[in-house]
Amino acid sequence: MSAPAMPGKLAGIMPVRSEPFGLRHYLICLKGVVLRECLRFLHQRERFISSLVRPLVWLFIFAAGFRQVLGVSIIPPYKTYVLYEVYITPGLCGMILLFSGMQSSLSMVYDREMGNMRILLVSPFPRWFLLVSKMLAGVAVSIVQVYAFLIVAWLWGVKAPPLGYLYVLPALFLSGMMLCALGMLLSSLIKQLENFAGIMNFVIFPGYFASPALYPLWRIQEASPLLYKICLCNPFTYAVELIRFAFYGQIEWLSLGVVAGCTLLFLGGAIIAYDPSRGLVIRKQDMGGNA
Amino acid sequence: MQKRACAFAILAAGLTASPASAYTAYVSNEKDNTMTVVDTATMQVVKTVEVGQRPRGITISHDGKFVYLCASDDDTVQIIDTATLEIVGTLPSGPDPELFVLSPDGKTLYVANEDDNLVTAIDVESKQVLAEIPVGVEPEGMGVSPDGKTMVNTSETTSMAHFIDTGTHEVTDNVLVDTRPRFADFKPDGSQVWVSAEVGGTVSVIDNAKREVVKKIQFAIQGLRAETIQPVGIAITADGKKAYVALGPANHVAVINTDTYEVEKYILVGQRVWHLAFTPDQKTLITTNGNSNDITFIDTATDEPVQSLTVGQQPWGVVISPK
C-alpha cells in the first residue's frame with residue numbers, strides 16, 4: 001500500500017520517492033481534497049440553497065398535507081405519538097445524504113470529463129486513500145447541509161431531544177460514507193455526465209421511496225408484502241433507521257451492521273473500479289480526454 | 001468484601017436517587033371491565049384487576065386507601081382496597097353511575113346517575129344515600145368547590161351547569177353552557193368553575209360568585225376539522241395558573257393560561273383523549289386515550305409528551321394515589 005501506483009508517463013516528470021509517506025503527508029493530501037470540496041460547495045450558493053430547499057419543501061408542504069392521512073401509531077424509537085413532521089425528519093436527513101452522495105459522484109464524472117480528475121489521480125498517494133479522502137470531503141459537506149436543515153426544522157418547531165443532535169452525528173457520518181461510496185462506485189460505471197439522469201431514476205428515487213423515510217415500513221407491509229421485502233433489501237432503509245434511532249440516543253444494531261457492511265462493500269467496489277491496473281478507469285479516462 | 005460494600009453503596013445510591021414521583025395511577029378500562037394499576041415513575045403496568053361492568057368514573061379516598069369506581073352497567077360504585085387490589089365493598093349509587101366527585105372532607109361521594117337525571121349523595125362511611133337531587137337530563141360532569149359548600153353538576157342534554165348547595169342538597173343556580181357539557185372543575189381558589197362542552201367544542205368559565213359565564217374558550221388545531229375538537233376532561237394546576245383540557249377525537253390536550261384564557265399549546269397524545277389526572281407533585285399529567293387503548297404521560301414543566309403506555313381496552317378515567 002505504501003508504494004504509490006503511478007501512471008508510467010509521469011514517472012519521468014516527477015521524482016520517484018524512495019521513502020514511504022508519513023502521516024503528515026497523508027493529512028496534507030486529505031486537507032487539500034476536503035478544502036477543495038468545501039470551496040467548491042461554498043462557491044456554489046445555488047447548490048447549498050437547493051440542497052436545503054429540497055428537504056424543506058418536503059417538511060413544510062408534503063408533511064403538512066399528509067399529517068392526517070398517515071395517522072399516528074407508536075413504533076420504536078418513539079415512546080409516544082409524534083407528528084408526521086417529526087417522523088420524516090430523519091428520512092429527510094437521509095435524503096440530503098443520498099442526494100449529496102450522488103452529487104459527489106456526479107462531480108467525479110464531471111471531473112473526469114473536464115480532465116480535472118487527472119490532477120487528483122496523478123497524486124503519488126495510493127488510490128484508495130484518494131478515494132476515501134474524496135468521500136470524507138463529500139460527507140463533510142453533506143453533514144453541514146444536514147445540520148443547516150435541522151436548524152431550520154428546529155425553528156419550524158420540529159425538535160428532537162437536545163442531545164440527539166450530537167448522537168446523530170456518527171450515524172450521519174456512517175450513512176454519508178455508505179452513500180458516498182455507493183455514488184463513487186456508480187460514478188465509475190457512468191461514462192458520461194448525461195447519464196446521471198439514469199442514476200436519478202434507477203438509484204435515488206427507488207432508494208428513497210422504498211425506505212421508511214416517508215412512511216413506516218408496517219404501512220408498506222400492509223399494502224404489499226413484496227414491496228416490504230424490497231424495502232428490507234434497500235441499504236438506504238437501514239441508513240434512515242440508524243439516523244432515526246440515533247436522534248433518540250439509541251443504537252439500532254441491525255442498521256449499524258448493514259450500513260457499516262455496505263460501506264465497506266461499496267468502498268471496496270469503488271477501489272477496485274478505480275484501480276488503474278484493472279483498466280476500467282484508464283479506458284474511461286481516454287474517453288474523457290477525447291471529449 | 002470491599003467490593004460487596006461498594007456494590008451495596010451503589011445499590012443504595014440507586015435506590016435513593018430514584019425519582020420522588022413514584023405514585024400509583026389507577027386507570028378504568030371501559031370496554032374490558034378492568035382497572036390497570038400503573039407505576040408513574042417507571043411508567044409501567046404493575047397489575048390489571050378485574051372489576052365490574054363498564055368501569056368509568058374513578059376516584060380515590062384522600063388517604064389513598066380506597067379506590068372508588070363507577071361500574072356503570074352493574075349500577076354500583078365499587079370500593080377497591082389499594083393495598084390488596086381487591087373489591088372490598090360497594091356503595092348504593094343508583095342506576096348507571098358515570099362520574100362522581102368526593103367532597104373535600106372525604107366523607108360524601110356525589111354521583112351522577114346518567115339514566116335517572118339524578119345526583120346521588122352517598123355517605124362513604126355508612127354507605128347510606130343522603131339525598132337524591134333531581135337535575136337536568138343525562139347528568140355527567142361533577143365538580144365540588146374547595147370549601148365543600150358548592151357542588152356543580154352538568155347535564156349533557158339540558159346543556160346546563162347546576163349549582164347545588166351541599167348543605168341543603170338543593171339546586172341553587174342553573175347556568176346555560178354550550179351543547180353537551182361533560183365535565184366541571186373548580187379552580188383551586190374556588191373563584192371559577194370550568195365546564196367543557198363536548199359538542200359545542202368550547203370550555204365555559206363560570207364565575208362562582210356571580211354564577212354566570214365570564215369567558216368561552218374556543219379551540220382550533222391546524223389541519224383538524226372543527227367537529228373533531230370535543231373538549232371533555234379538564235385539569236387545573238394546584239397553583240391555578242394553567243388548565244389542561246382533553247380534546248377527545250382531536251387527539252390533543254390544550255394547555256390554557258388561566259389569566260389570559262389563551263391556548264398556549266396543543267399536546268399530541270393518543271386517540272380520543274378523555275380524562276386527565278396530575279401526580280400529587282404536579283410534575284406529570286396522565287391522559288387516558290380511549291381509542292388507542294393507552295395513556296400518555298405529559299411533563300408539565302415542558303408540556304411535552306414523554307411516553308405512552310398501553311393499558312386495557314378503552315381507558316376512560318384515571319386517578320393517582322396521593323402518596
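In this predicted model, chain A has a mean pLDDT of 82, and 85% of its residues reach 70 or more. Among the elements of chain A, the highest mean pLDDT, 96, belongs to helix H10 (residues 235–247), whereas the lowest, 49, belongs to helix H12 (residues 280–290). Two stretches of chain A stay under 50 in pLDDT: residues 1–14, for which the model has 15 contacts beyond four places in sequence, and residues 287–291, for which it has 6 such contacts. Where pLDDT is low, the predicted coordinates should not be read in detail.

Chain A contains 12 helices and 0 strands, so that, read from the N terminus on, its elements run α-α-α-α-α-α-α-α-α-α-α-α. Of the 291 residues of this chain, 36% count as buried. Among contacts in chain A between residues at least 6 apart in sequence, 82% join residues that are at least 24 apart. One pair of residues in chain A illustrates how sequence separation and spatial separation can be read side by side: A:Phe66 and A:Tyr84 are 18 residues apart in sequence, and their C-alpha atoms are 7.4 Å apart in space. A:Phe66 is found in helix H2 (residues 45–66) of chain A, and with 17 other C-beta atoms within 10 Å it is partly exposed. The loop between H2 and helix H3 (84–114) of chain A holds A:Pro77, and the peptide bond that leads from A:Pro76 to A:Pro77 is cis, with omega near 5 degrees. Most residues other than glycine have a negative phi, and most peptide bonds are trans.

B:Arg54, a residue other than glycine, has a positive phi near 50 degrees, and its place is in the loop between strand S3 (44–50) and strand S4 (55–60) of chain B.

Strand S4 of chain B is mostly covered, as 6 of its 6 residues are buried. S4(B) runs antiparallel to S5(B), to which it is joined by 4 bridges, and B:Pro55 stands opposite B:Ala71 in S5(B). The hairpin that these two strands form has 5 residues between the strands, and in this hairpin B:Gly64 takes a positive phi near 80 degrees.

An open sheet in chain B is formed by 4 strands in the order S8-S9-S10-S11, with antiparallel pairing. Strand S8 (97–102) and strand S11 (128–134) stand at the edges, and because each has a single partner strand, one side of each is left without a neighbour in the sheet. From one strand to the next, the twist averages 25 degrees. Within this sheet, strand S9 (residues 108–113) and strand S10 (residues 118–123) of chain B pair in the antiparallel sense over 6 bridges, and B:Thr108 stands opposite B:Asp123 in S10(B).

In soluble globular proteins, nonpolar side chains tend to be buried together. The largest nonpolar core of the model has 86 residues, of which B:Tyr26, B:Leu69, B:Tyr110, B:Ala161, B:Val245 and B:Val253 touch the most other members. Strand S5 (residues 66–71) of chain B provides the largest share of this core, with 6 residues. Leaving aside its neighbours within four places in sequence, B:Tyr110 is in contact with B:Phe100, B:Val101, B:Val119, B:Ala121, B:Met142, B:Val144 and B:Met151. A second, separate core has 58 residues, including A:Leu106, A:Met135, A:Leu185 and A:Ile271.

Where the two chains meet, 10 residues of chain B are in contact with 9 residues of chain A. On the side of chain B that touches chain A, strand S27 (residues 304–310) of chain B gives the most, with 4 residues. The residues on this side of chain B divide into 4 nonpolar and 6 polar, with no charged residue among them.

Note on methods
Residues are numbered from 1 along each chain as its sequence is written. Chains are lettered from A and ligands numbered from 1 in the order in which they are written. Two residues are in contact if their C-beta atoms, placed from the backbone, lie within 7 Å. Ala, Val, Leu, Ile, Met, Phe, Trp, Tyr, Cys and Pro count as nonpolar, Asp, Glu, Lys and Arg as charged, and the others, Gly among them, as polar. A residue is buried if 20 or more other C-beta atoms lie within 10 Å of its own, exposed if 12 or fewer, and partly exposed in between; C-beta atoms are placed from the backbone. Two strands pair if DSSP finds at least two bridges between them. Axes are lines fitted to C-alpha atoms, for helices over the stretch in contact, and angles run from 0 to 180 degrees between N-to-C directions. A nonpolar core is a set of buried Ala, Val, Leu, Ile, Met, Phe, Trp, Tyr and Cys residues joined through C-beta atoms within 7 Å. pLDDT is the predictor's confidence in each residue, from 0 to 100.
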